[in-house]
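This report looks at aromatic rings and their contacts. Please have the structure open as you read.

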Amino acid sequence: MTAWQRSTDPIGLSSGPPSRLPTAHGVFTLRSFTFDGMTHAVMSLGNPAMVDAPFVRVHSECLTGDALGSHRCDCGDQLSAALAAIADAGDGLLIYLRGHEGRGIGLENKLRAYALQDDGLDTVAANRALDLPDDARDYTAAAAILQELDCPQITLLSSNPSKITALEDLGITVTDRRGLQVPDRPENSAYLETKRRFMNHIVPPDHPHAGSTDHPHAGSAETSTDNALEVYDTIADGDEVVAQLAQSEDGFIATSDGDAQFVSGQIDRAHLHRIRASVGAVLVGCGTVIADDPQLTVRAVPGKNPVRVVLDPHGRVPATATVLTSPEAPTLWLIGAEVAPGSDVGDHVRMVRLPVAEDDEISPALIVSLIREHVAGSILVEGGGRTVSSFLAAGVLDRLFLTSAPVFIGNGIPGIRFEGTPVMAQALRRPFRRYQFGEDMCTEYLLSELANGASAQDSHRCRGGGPTA
Ligand SMILES: Nc1nc2c(ncn2[C@@H]2O[C@H](COP(=O)(O)OP(=O)(O)OP(=O)(O)O)[C@@H](O)[C@H]2O)c(=O)[nH]1
Ligand SMILES: [Zn+2]
């Protein structure tokens, strides 16, 4: 038993005898190591303990990629490239970690996540939609094996920086890291982009997107499956007023009974959550809070929750509303000057009085400046139809994302409606871009010079009234 085992491992690491394993990359030595009830496989070549920082691949089990030949991920290619690199070096180890399937959520859950990805979610959003962590892997067994094999200093074959951190936290020194050369395949390029964009995976130096944060789908009017559009960065870096609304083909956001589940699909939902993650504040009218009791947090994609702002001039929001009771994100409660708030609210809620308005209508511009006194960054006006319409008509929106779903409601709660013009030539036309979100069509209107200028370099922009891409 090594010193390491005695000091930190009450369960114990046990290993089986070495055996020969002839492979396409040479004859390796194979041993099993059992730790905490799980048996892992370790392939070694040469004498890694005698090398300063030997090549080590810590490979997470992936039945579909490693054994079934799946091209949804790059695991099979990484496995084979790692063995080739070790064979080339002459000394090294591959630790095949079982129990890591699906980044630690198991095969059954990974296949559930695959089904959601077939419907348009990306790999991170799919785990979240299942209420599962983005990455649940534990590297304690790998660190124990490396100590046992006298390899406390290694060159890690990986493009995942969090593997380095995890191993270093467990006492392993990663003196160097090597990325493995694996092809981006058409079937897994969106998956690899998501890992690079949202899980910090390192882009290989010879990759076409190396050194750039641009996303291949940026500004695209084509079908986008992971909708990581460039515009989110523009919104995050600016202080725009952005609105988003999903409506039926005939312009309703809900049925006449208020049923709004669900007008648009999963990709549009992920898009909305990406906008939430890019803004400082998300505003809704009290009607939306009463009808839908929304959480207004970022759940479908990674990112920080914005401050939730509730517009409540007549004090109609019930004290039981999620925005007032759940402390997941701060809430700014814009409440009428003469309204007496009911019972106590949580510490996450800040009450701000609206000024008295003569005609009972508080101007959108004033609401924006009130929010700006408390929150920095862009503001998302998320609903409902009346609130978004009043902001549009008042000319305070920089950008509007309006998603049309291929469904007819016939009659219901209206989406965009405002006092129009009798003269067609005077109707509101602005430059726009279009994105296909699965079955839904999202049109992004560039309403202000600010938004128009910030997005000027992007391709696929159409002039108002022009043909759609
Ligand atoms: N939950 C989930 N897991 C996946 C998915 N695709 C692959 N995996 C799992 O992800 C694990 C591999 O992790 P990756 O993020 O691809 O790569 P990595 O091991 O972190 O990084 P490298 O060392 O560069 O390969 C394996 O356990 C796969 O089963 C997916 O869509 N959803
Ligand atoms: Zn895989």
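## Aromatic pairs and charges over rings

Phe437 is buried, with a relative accessible area of 1%; buried means under 20%, exposed over 50% and partly exposed in between, with a 1.4 Å probe and protein chains only. The model is predicted: local features need pLDDT of at least 70, side-chain atom pairs count only at pLDDT 80 or more, and totals for chains, interfaces and linings use all residues. Residues are numbered from 1 along each chain as its sequence is written, chains are lettered from A and ligands numbered from 1 in the order in which they are written, and side-chain values use heavy atoms, leaving out hydrogens and water.

How many aromatic pairs does a search of the whole structure find? There are two. Rings of Phe, Tyr and Trp (its six-membered ring) pair if their centres lie within 6.5 Å; planes under 30 degrees apart count as stacked, over 60 as edge-to-face and the rest as tilted.

The ring centres of Phe432 and Tyr445 are 6.3 Å apart and their planes meet at 55°, so this pair is tilted. Phe432 belongs to strand 18 (residues 432–437) and Tyr445 to strand 19 (residues 440–446), so the pair ties together parts 13 residues apart in sequence. Strands are DSSP runs of E, at least two residues, numbered from the N terminus.

Tyr435 and Phe437 have ring centres 6.0 Å apart and planes at 10°, so they are stacked.

| Residue | Relative accessible area | Class |
|---|---|---|
| Phe432 | 6% | buried |
| Tyr445 | 23% | partly exposed |
| Tyr435 | 1% | buried |

Charges also sit over rings. Arg72 lies over the face of Tyr114, 3.9 Å from the ring centre. Arg417 lies over the face of Phe252, at 5.4 Å. The test asks for NZ of Lys or CZ of Arg within 6 Å of the ring centre and within 35 degrees of the ring normal.

Definitions and conventions
Helices (H or I, at least four residues) and strands (E, at least two) are DSSP runs, numbered from the N terminus.
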